[in-house]
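Dear colleague,

I am passing on the structure we talked about, together with some notes on what turned up when it was examined. Please look through it alongside the text below.

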Amino acid sequence: MRHEVPFLTLLILIPAIAAAVLGLLGLDRRMHRELTYALALLASLATLGFAIAVLVVMKVSDGGFQLVSDHDYTGTALGVHWYLGVDGISIFLVLLTAVLFPLAIILGRNRENARVYFAWMLLLEASVLGSFLSLDLIVFFFMFELTLVPSYFIIAGWGHQRRAYAAIKFFLYTFLGSAFLLVGILALAFIHQSQFGYLTFSLGPLMQTHLTGTQGVLLFLAFTAAFAVKAPLFPLHTWSPDAYTEAPEEGSVVLSGVLAKIGTYGIIRFDLSLFPQATRTLAPILLTLAVIGIVYGAIVACAQRDLKRLVTYSSLAQIGFIALGTIALSTQGLAGGVLLMLNHGLIVGALFILIGFIYQRRGTWQTGEMRGLQKAAPVMAGVFTVVMMASIGVPGLNGFVSEFLVLSGTFITHRWWAVVAVLGVIVAAIYLLWAYQQVFHGPPREADEKTRDLGLLERAVMAPLIILIVFLGVYPKPVLDRINPSVNQLIAHVESTTGHSQPPVAVKGVEGVK
Amino acid sequence: VIATLLATTHTASDTIAVPPIRWLAILPPIILIGGAVVLLGVASLVRRPLRVGLSTVATLVISGGAFGVAIWQWTDVVEHGAHTYIKQAVVMDGFSVFITMLVAMAMFLTALVADGYLRREGVHGAEFHVLAMVSASGAMLMAMANDLIIIFLGLEILSIALYVLTAFNYRRAASGEAALKYFILGGFSSAIFVYGIALTYGATGSTNLTQIADFLSKNVVLSNGLLLAGLALLLAGFAFKVAAVPFHMWTPDVYQGAPSPVTGFMAAVAKAGAFAAMLRVLFSAFGVVSTDWRPIVYGLAVLSLVLGAFVALRQRDVKRMLAYSSINHAGFILLGVVAGTFRGVSAALYYLLAYMLMTIGSFAIVTVLGRAGDSDHDLSRYRGLARRQPVLALAFAVLLLAQAGAPFTTGLWAKVQVVFAAIDVGAVPLGAIAMVTAVVAAYFYLRVAVLMYSGGGLGEPEGGTTGSGALSLPSDMTAGGLIGLAQPAALEAATAQDWGSPAAASSAVTTINQQILLADEQESAPSEPEPVDVPVLSSIAIGLCTGATVLFGFWPEPLINFANHATLLFLPK
């Protein structure tokens, strides 16, 4: 399946090279400002173009990896391959990344020291895309680790008041998680080598490894430690309120919108493929943690008077939903989880961008300090309403589709967890509406009346997100058509390995019940 | 050297029969020693002290020559295979050639770095270069030795020159103190090592590694107390040289006290030589009794990893911090030794090479930033470096991140390989411990990076676009950040809606975090240091080290294959 154009390698290389150019050339004079901005924007748009090209080139009904490129990377001694591929699960995360980064670069236009800022941003984009595309575990690990360095410097360099503390906390938590991931990867490769006689880190061959129950569980825990911190899943989330709040606004957009998805993506791609049995064994514990995360995130979000922290905790709840659908091991649940990754990325990205707009105008995120913004900034209020409704899960917007799939998929296999998780949906409506009321309703004070509405550029930034949010809510079929083959294939792999099938209703619908 | 060889290998024979000598096998150290002697002779014949530039050029040529000969050796080994020469006293195999090349490169880079240092400190004459070359030849000798006596010879040549180099800058009291400490402890360790040789000789009847292996494979030693004692003493001697805990006591003081270029040289070359000899002794001679030494090395590795990483957290002096980090690195390399497999040796070789580049590069930067007197090494002096000297700060950040194990640098490939080697023999817990200490270590490397990229002096304008540097933090870092960090409790209270109190462990980490950051913050420099001039040769050395670290991080195949190939040609297997 080799293609003439190495799309996937280019997807990673374009932003990486642009980052290197921006980082190493000393374009620091004032006249160079526009040039650096143009270069960064161009690179991110070119990446978006390639991502769309990948979507077009991909076959819709093929559930396997497509556009595969596989090259020897370290020689036979270590057996690492530059092995990239894309399937229905990863393609939309790639697109999400490619959409959010140009927006982040547009928004970061006036940052101090923009050249370096853009360089870090583009390096971050390259590493995130690399994480979603690499099918060699060592290359994945390298990309996974590489995301840390630029995000660390973005938080520490351009963040708010307590950025140094938040950046270090973020770095150490994630790095500690990935330490176990590396040991897990190497141990798995070793077990595979002892069984098959050759050394490889490629996902496909490693999926054939026979693991005893204990081995599987230990390896699963080592992998999941890294992913759960990154996602973040309860109770390993404690770095995220600090990091998301202290990061610059565009940093929060990509951190929560895209980087967090590497964690949940890792669970789907690696945990489910490599350790299906262990996933089954530990499912009750993980589902419980996911549900606790949903409820806890929602309740804590209710108590926030700070918009950024509120969105952070709502994000924790949403990640809980993704994990719930994933671990439920049913077709609907997993498809819903994958779709929710995309939807949540769009919604939380839009929310953080809007909060950034509010912060630019008012210099605060405290809900108590704003009132009646609706009057002075009707467009902003309207956009906020749409995004908020999508986050709550109102039918017709994208959040509903994925949450519904997740909950129904979970209900089929793990009924009571789904029942409790529904609480999270209700509470989400409460905290988001409260926050909205406080900020946008009521009689405006003097400062509120002077708040500017969204400018033309700001509307242009929000437009693609709003369009996608509505489109995916009304007509999710094109996306689900591409997600489903891969999801079916993965679920089939899990079922054949564990010897345990989901109830027939999940596959045949009502027919299965009769 | 040859006289000693003869004396050691033919003590028993009445008539001295000169063994056939394969000159190529011992040419690199001969070049270094010969070059050093000639340089010393020239320096003593001319009336004034030799110019620094002249000795630098001579050293570059000589070490380049040694490197060239090593390439010749390599082709010979590839063509004719690995052999022992001179009555099995030395061996020329891929392994020895690898270390020889490494040491020659280290010498070359050190000469580049030292040039600027010697000019700055106003030290003339060729002594520095002579001593360094002699020391390097000792390390080469250790790598090629196939006899415990030759190893001891190499060890002493390496060490005695290093003792003098440590005290080289006689204007600094710290250097003298460090040298004395190094000398006394080093003398002890040498004595222990020699005693180990004696006991081993007593137990096996030979000092030759091949013959020891032969003896051990043919005989079952029923009461092996003597052998084990000898082995333990040998290990202690090696552990001292590679700075493994609990034989590390000298390291921080000596690394701190020695002139900075010497520290880089010492870290790279002494480790390379000692690890090479250690690997050869353990595998060639004592491979049969690996169950006896493996637990000891395992213990050394764990202690070095943990202590090196955790104690480094508390250091305020960059050189001391790098000293503890070198202890941590030694622990990582010991992982390859513990594995005791082909993969382990190959991984250790790769790690030594990667570490050589990273550490010489780091100490080159430390040398440059040390300013006249070589004493400006406090962490606070690195604050805002990125603004004053963006390129230097970037290079240092890259080297530190590489040491921490950042992806796409040789640092992480090295760590991946040694950890895999350990896991390969089932030492999964050791691998996990190593990676966790890498996280701790990442913290102190990052601390320096943060300081370099944080704001400079007080009162700088916020949002100034004129800053030439890379990342720059506006001044609320120093003001607001200070208040914020000084009152963590108050701030927590302010954001008290965060219901979930983090787990105990995380809050402990947080507390340490805040204390250390607070210390960094309070240490705000009273005056903005002037930018330092970076000598051309030093910048070449820094560029070479940083470039190689990144280049071979992105393109790992050549170096990994090289280390692998060198190990394939390891003799005896």
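D424(B) lies in helix α17 of chain B, which covers residues 410-424; please bear in mind that this is a predicted model. Although D424(B) and A339(B) are 85 residues apart in sequence, their C-alpha atoms are 7.4 Å apart in space. Leaving aside residues up to four places away in sequence, D424(B) touches R343(B) and also F190(A) and Q193(A).

Two helix pairs may also interest you. In chain B, helix α2 (residues 23-45) packs with helix α3 (residues 52-80) at an angle of about 170°, their axes being 9 Å apart. Because an angle over 145 degrees counts as roughly antiparallel, α2(B) and α3(B) are roughly antiparallel to each other. Among the residues making this contact are L24(B), P28(B), I31(B) and G35(B) from α2(B), and A58(B), I62(B), V69(B) and W72(B) from α3(B). By class, the contact of α2(B) with α3(B) comprises 12 nonpolar, 6 polar and 1 charged residues.

In chain A, helix α9 (residues 213-230) and helix α11 (residues 249-274) pack at an angle of about 160°, with axes 7 Å apart, and they are therefore roughly antiparallel as well. The crossing of α9(A) and α11(A) is left-handed. On the α9(A) side the contact is formed by F220(A), F223(A), T224(A), F227(A) and K230(A), which meet residues of α11(A) including L259(A), I262(A), G266(A), F270(A) and D271(A). The residues of this contact divide into 9 nonpolar, 3 polar and 2 charged.

Technical notes: Residues numbered from 1 in each chain as written. Chains lettered and ligands numbered in written order. Predicted model: local features only at pLDDT ≥ 70, side-chain atom pairs only at ≥ 80, totals over all residues. Heavy atoms only, no water. Axes fitted to C-alpha atoms, helices over the stretch in contact; angles between N-to-C directions. Helix = DSSP H or I, 4+ residues; strand = E, 2+ residues; numbered from the N terminus. Parallel < 35°, antiparallel > 145°, perpendicular 65-115°, else oblique. Contact = heavy atoms within 4.5 Å. Nonpolar A, V, L, I, M, F, W, Y, C, P; charged D, E, K, R; others polar. Left-handed = near helix turned anticlockwise from the far one by under 90°.
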